[in-house]
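The sequence and the structure are shown first.

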Amino acid sequence: QVQLVESGGGLVQPGGSLRLSCAASRSISLFNTMAWHRQAPGKERELVTSITASGKTNYADSVGGRFIISKDNAKNMVYLQMNSLKPEDTAVYYCMSVDIRTYWGQGTQVTVSS
């Protein structure tokens, strides 16, 4: 069973930055795709960004130019650098990985508020 553990969430003011981390319990090079999703109160979970095994990235329009996904295969880590944060970025952020199954972390809360 694969475990994904997110960290790095917290409270930040609008315009600020946060870096989320996702630690995987096995080699992330074995996953086809890793991604970050988020779910705001009263809304459905949505894809924020993804990165394939070859390093191809994809971003939701709402975060393009502000968020950056990256990974470190040697450390089995995936990161989400979030810049120029807005109140509408407030949500629980989930790490996800896909091989023949889909795995989810427990999520980390990000709150953007003054």
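## Salt bridge between Arg 26 and Asp 99

Arg 26 forms a salt bridge with Asp 99, and their closest N and O atoms are 2.4 Å apart; the term denotes a side-chain nitrogen of Lys or Arg within 4 Å of a carboxyl oxygen of Asp or Glu. The model is predicted, so local features need pLDDT of at least 70 and side-chain atom pairs count only at pLDDT 80 or more, while totals for chains, interfaces and linings use all residues. Residues are numbered from 1 along each chain as its sequence is written, and side-chain values use heavy atoms, with hydrogens and water left out.

The Arg 26–Asp 99 pair links distant parts of the chain, 73 residues apart: Arg 26 lies in the loop between β3 (18-24) and β4 (33-39), and Asp 99 in the loop between β9 and β10. Strands are DSSP runs (E, at least two residues), as helices are (H or I, at least four), and both are numbered from the N terminus. Arg 26 is partly exposed, with a relative accessible area of 25%, whereas Asp 99 is buried at 16%. Here buried means under 20% relative accessible area, exposed over 50%, and partly exposed in between (1.4 Å probe, protein chains only).

## A network of salt bridges

The structure holds four salt bridges. Arg 38, Glu 46, Arg 66 and Asp 89 are linked in a network of such contacts. Within this group, Arg 38 pairs with Glu 46, the closest N and O atoms being 2.7 Å apart. Arg 38 is buried, at 6% relative accessibility, while Glu 46 is partly exposed, at 36%.

Asp 89 forms a salt bridge with Arg 66, also with a closest N to O distance of 2.7 Å. Asp 89 lies in the loop between β8 and β9 and Arg 66 in the loop between β6 (57-59) and β7, so the pair ties together parts that are 23 residues apart in sequence. Asp 89 is buried, with a relative accessible area of 0%, and Arg 66 is buried at 9%.

## Aromatic rings and charges

A search of the whole structure finds two aromatic pairs. One of them joins Tyr 94 and Trp 104 edge-to-face, at 6.4 Å centre to centre and 85° between the planes. Rings of Phe, Tyr and Trp (its six-membered ring) pair if their centres lie within 6.5 Å; planes under 30 degrees apart count as stacked, over 60 as edge-to-face and the rest as tilted. Tyr 94 is in strand β9 and Trp 104 in strand β10 (residues 102-104), so this contact ties together parts that are 10 residues apart in sequence. Tyr 94 is buried at 13% relative accessibility, and Trp 104 is partly exposed at 35%.

Tyr 94 also has Arg 45 over its face, at 3.7 Å from the ring centre. Arg 19 lies over the face of Tyr 79, at 3.9 Å from the ring centre. A charge sits over a ring if NZ of Lys or CZ of Arg is within 6 Å of the ring centre and within 35 degrees of the ring normal.

## Sheet and loop

An open sheet of four strands has the order β1-β3-β8-β7, with antiparallel pairing; two strands pair if DSSP finds at least two bridges between them. The edge strands β1 (4-7) and β7 each pair on one side only. Six bridges join β7 to the antiparallel β8, and Ile 69 stands opposite Leu 80 in β8.

Asn 76 lies in the loop between β7 (67-72) and β8 (77-82). Its phi is near 55°, a positive value in a residue other than glycine, and Asn 76 is buried, with a relative accessible area of 18%.
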